[in-house]
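Here are a few exercises to work through with the model open beside you. Try each task before you read its solution.

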Amino acid sequence: MNLRSIKKLALMPVIAVCSLAVMTSAAFAQWEPKKPVEFIIMAGTGGGADQMARLMQSIIQKNNFSSQPFIPINKPGGSGAEALRYLQDKSGDDHVVMITLNSFYTTPLQNPDLGVDISTFTPIGRMALDTFLLWVNSDSDINTLDDYVMQVKSKGKDWKMGGTGQGQEDSLLTGMLQNKFGFEVTYVPFPGGGTVAKNLIGKHIDSTVNNPSEQLGFYEAGQSRPLVAFTPDRLEQFPDVPTSAEVGHPDLVYFMQRSINGPPEMSAEAQAYYIDVFSKVFNSEDWQGFCASDGIFCNEWLAGDDLATYHQAEKAKHEELLKGMGLIN
Amino acid sequence: MEILDALLQGFATAITPQNLLLMMLGCVIGLFVGAMPGLGSVNGVAILLPVTFLVPPTAAIIFLAAVYYGAMYGGAISSIMLGIPGASTAVATVFDGRPMAMQGKADFALVAAAVGSFVGGTISVILFTLFAPPLADFALKFGPQEEFALMMLAFATFIGLGGDDIPKTLFSIAIGLVFAAVGLDEISGRPRLIFFDLPGFYHGINFLVLAIGIYGIGEILWTLETSQGEVKVSQASFTAKRVLEAFKKLKQSTLTILSSSFLGYFVGILPAAGATPASLMAYGVAKTMAKDPDSFGKGNIAGVAAPETANNAASTGSMLPMITLGIPGSPTTAILLGGMIIWGLRPGPLLFVNNPEFVWGLIGSLYMANLFTVIINIAFIPLFVSVLKLSFTILAPIIFVLCIVGGYAPTQDMHDVWLIVIFGVVFYLLRKLNYPVAPAVLAIVLGPLTERALRQSLVAERGDVMTFVERPLSATILFLAVLLIVLPAIKMMRHRKKREAAAEQDGL
């Protein structure tokens with residue numbers, strides 16, 4: 001036998017299992033939750049993930065996408081560690097799903113003791129890619145990224161950058177900026193993006209890398225100023241804010257994925273059911289409208305195994321980032 | 001006057017038949033949600049949120065705000081009648097509400113709760129109406145340092161709470177702080193104090209678990225022991241004359257109610273504080289400032305009025321950062337905030353400008369909801385009081401079941417139910433040894449908030465402790481905290497001297 005046929009042979013059972021899985025999932029497409037579904041949010045109330053979860057909940061209810069309600073539950077402890085551990089312990093449970101932040105990757109990497117392996121979780125669907133901008137208080141005299149870098153360099157450790165927990169998205173992006181420009185700031189962690197935004201307006205910190213939704217209210221009131229968007233394209237809400245590539249740093253691009261995942265060993269029928277529910281949410285007018293108004297990318301729907309592949313790639317990327325910052329070995 | 005015009009417009013919005021009906025419905029639902037142990041305004045509002053997509057946003061927020069409001073009143077009912085806090089905001093109400101009920105003065109306590117809530121709610125909605133923008137600016141001035149100072153103030157109000165035995169009070173606070181530290185570290189995410197490696201400790205020890213354990217289970221044990229199962233509560237029938245009498249009694253607490261209103265409101269508008277710390281602080285302040293601090297915890301009407309006034313004031317207060325800054329001041333407002341985003345409204349500094357009919361409709365409805373809830377509350381008092389006609393041998397098992405259900409409902413984890421039982425027994429024993437238990441409850445509420453604020457401040461200032469006294473606002477609050485510790489100490493010494501003098505006179 002040549003190598004190719006061996007490969008083919010080896011693939012046979014895989015194909016068989018896959019087609020069986022497809023068949024069973026089709027046959028059991030009628031699976032429905034028998035009680036309200038716990039909708040775990042791995043962050044505190046008022047932040048981006050929280051708002052999205054509650055919006056999804058309402059879209060599901062309003063359009064009758066599910067016979068049972070989804071009940072959002074916040075488990076913000078320890079940069080999502082509480083939520084991850086909770087989901088891990090719910091192994092085999094068909095009535096719990098979770099909306100993620102990037103701490104989905106970083107928290108288990110930083111806490112091996114937690115005993116959480118995200119590759120065992122059941123991937124459902126990627127709902128959005130949230131974007132980041134660099135913000136200062138509008139009373140500041142900083143107007144461009146160059147101004148910013150100069151100011152921060154002269155202030156050094158006296159410059160206070162606010163963000164979410166250590167090792168989470170905001171701090172990683174801060175780390176990227178530090179490595180890129182060779183400055184070092186004092187990073188102050190807060191429980192949620194909303195609180196970070198408020199502390200910038202109250203001048204308790206000097207800059208933030210908030211998501212658009214967290215700052216939009218203040219931005220519209222003229223209280224905060226975005227300097228640069230860490231995205232490949234300009235954002236609709238901020239047509240005048242240049243992208244990082246436009247100011248000469250195309251590598252400064254960072255997204256936060258918002259995906260729905262189930263616990264390990266969720267049944268294939270339940271997985272198929274949730275993929276169906278959330279793809280309907282994703283394609284709904286309400287969801288797409290929310291993405292457009294809040295500066296979030298919701299162009300591409302990823303589900304099931306595609307999402308698992310994406311998770312693996314993102315996990316590897318975050319591992320590099322964390323190593324680069326010396327947060328893990 | 002511009003504000004007056006807008007407010008009249010708001011009243012007009014609030015009293016359209018649909019909105020008025022929704023508001024009344026919301027108040028009644030809230031009342032019952034609040035009265036059920038384990039179900040608080042958070043659950044009530046979260047469960048009802050999807051219902052509100054059927055009506056316009058203004059009607060929706062009026063309905064949900066009424067539920068929130070009603071629940072604040074309702075929490076007091078089970079605190080007073082059964083001795084179990086109906087919601088975390090009503091824990092301090094148990095301290096004096098329960099003893100009053102045992103003395104046959106449950107109706108007085110309920111009137112005090114209703115009237116206090118009404119005054120607190122009304123004062124804070126007036127403050128909201130007149131000073132929303134400057135108050136929002138004030139809330140912004142609160143950085144981590146100020147939050148830490150505020151927490152110190154809260155602890156200071158409680159030093160005097162344990163009575164004369166300061167070492168035992170400190171011990172009780174320390175136990176509460178240790179429990180508060182259980183779970184995952186807020187900043188690094190590392191597990192702390194996971195006893196016996198039980199996964200249930202990862203979400204920390206919920207404050208309500210401790211409170212239900214102490215005041216539900218512990219109280220049953222205590223009552224059974226002291227009464228040998230024969231509790232006799234003589235309750236006069238509730239007549240108009242009793243109401244008048246209650247009002248007369250309450251008049252002596254006017255100052256307490258007024259100061260609790262302002263305190264509750266200001267704590268409420270600070271993001272991340274909310275009504276529970278507000279009610280505990282109000283209780284502590286009322287006791288510290290009272291002429292007869294010893295009578296607190298034994299059925300002082302001011303001890304019911306203060307926390308109830310403050311929690312209603314704070315719940316209105318927490319709507320201010322929600323509307324003007326888009327930041328929830330309490331867990332319930334976080335859900336309301338989510339609702340507003342779904343309804344297509346963007347909370348933030350421009351909401352007043354962009355959606356005046358929404359904001360003023362809400363404010364108008366708050367005035368009405370206040371009036372409405374106080375009326376139904378007083379009307380329902382005879383019904384609530386009749387609970388006490390049941391013999392304690394019947395009541396005790398019912399309370400026990402409510403405690404277990406109330407402990408299980410929020411996290412749906414048997415782990416918490418076992419904790420409630422263990423806490424109930426342990427704190428019953430501590431109480432027998434004369435340890436004050438209220439400071440432990442306070443510590444578990446404020447512990448995490450304090451820790452976070454302290455660590456944020458120190459990280460931001462790179463370990464410089466002087467930051468707390470260098471910032472004028474935080475220095476002022478810390479100064480007040482020091483005063484609050486020193487004042488009762490002096491008072492206590494005088495009191496002791498007086499007592500000794502009296503004892504000498506009696507020739508004892």
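Some notes on conventions come before the exercises.

This is a predicted model, in which local features need pLDDT of at least 70 and side-chain atom pairs count only at pLDDT 80 or more, while totals for chains, interfaces and linings use all residues. Residues are numbered from 1 along each chain as its sequence is written, and chains are lettered from A and ligands numbered from 1 in the order in which they are written.

**Exercise 1. Confidence**

Find where confidence is lowest and where it is highest in chain B.

Solution. Start with the scale: pLDDT is the predictor's confidence in each residue, from 0 to 100. Chain B has a mean pLDDT of 83, with 93% of its residues at 70 or more. Next, go helix by helix (a helix is a DSSP run of H or I with at least four residues, a strand a run of E with at least two, both numbered from the N terminus). Finally, the model as a whole scores ipTM 0.77 and pTM 0.79.

**Exercise 2. Positive phi**

Locate B:L193 and B:D197, and decide why each counts as buried, partly exposed or exposed.

Solution. First, the backbone: phi is near 45° at B:L193 and about 60° at B:D197, and neither residue is a glycine. Second, the location: B:L193 lies in the loop between β2 (191-192) and α9 (207-227) of chain B, and B:D197 is also placed in the loop between β2 and α9. Third, the burial rule: with C-beta atoms placed from the backbone, 20 or more others within 10 Å make a residue buried, 12 or fewer make it exposed, and counts in between make it partly exposed. B:L193 is partly exposed because it has 13 such neighbours, whereas B:D197 has 7 and is therefore exposed.

**Exercise 3. A helix residue and its partners**

Work out which residues B:L366 contacts beyond four places in sequence.

Solution. Begin in helix α17 (residues 356-385) of chain B, where B:L366 sits. B:L366 is buried because 27 other C-beta atoms lie within 10 Å. Now apply the contact rule (C-beta atoms, placed from the backbone, within 7 Å): the partners are B:A65, B:V125 and B:T316.

Definitions and conventions: Two residues are in contact if their C-beta atoms, placed from the backbone, lie within 7 Å.
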